[in-house]
Amino acid sequence: MKWHWLQPPASPLADLIGTMRARNSLLAAICGGPALLGAAGVLDDVRCTASLTPEDDAYAGIAGRGTHLAQPLVVDRDIITATGSNYLGFAEEVLRHLTARRQSRR
């Protein structure tokens, strides 16, 4: 079996994502990246999107996790997901969230 980034060697990254979620950190993933959030277990109660189909190997990371919406950008609490073609909207939303967090700490 060929190694895949969603399999155990990636578990330290999944652990980091879980720790960040527990700290209410902003998590953002684009294109196939939401699969790693799903594999880390942070999409279980979240609305999300991704550029993945059941034919993609990485789809296993999001299959059965969260509520998938056919939208280019989805924001659910502190998790931002986007399709790869919406990279500008994704970047704007991440910056908007970071700016709001910074202003709320003043």
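Colleague: Where does Asn24 lie?

Modeller: Asn24 sits in the loop between α1 (11-22) and β1 (27-30). Helices (H or I, at least four residues) and strands (E, at least two) are DSSP runs, numbered from the N terminus. The model is predicted, so local features need pLDDT of at least 70 and side-chain atom pairs count only at pLDDT 80 or more, while totals for chains, interfaces and linings use all residues. Residues are numbered from 1 along each chain as its sequence is written, and side-chain values use heavy atoms, with hydrogens and water left out.

Colleague: Why is Glu93 called buried?

Modeller: Buried means under 20% relative accessible area, exposed over 50%, and partly exposed in between (1.4 Å probe, protein chains only). Glu93 has 11% relative accessibility, so Glu93 counts as buried. Glu93 belongs to helix α3 (residues 87-104). Leaving aside neighbours within four places in sequence, Glu93 is in contact (heavy atoms within 4.5 Å) with Leu73, Val75 and Ile80.

Colleague: What makes Cys31 partly exposed?

Modeller: The relative accessible area of Cys31 is 35%, so Cys31 is partly exposed. Cys31 is in the loop between β1 and α2 (34-39).

Colleague: Why do β1 and β4 (73-76) count as edges?

Modeller: The open sheet of 3 strands has the order β1-β5-β4, with mixed pairing. β1 and β4 each have a single partner strand, so one side of each is left without a neighbour in the sheet.

Colleague: How many bridges join β1 to strand β5 (residues 79-82)?

Modeller: Two strands pair if DSSP finds at least two bridges between them. β1 and β5 run parallel and are joined by 4 bridges. Ala29 has Thr81 in β5 as its bridge partner.
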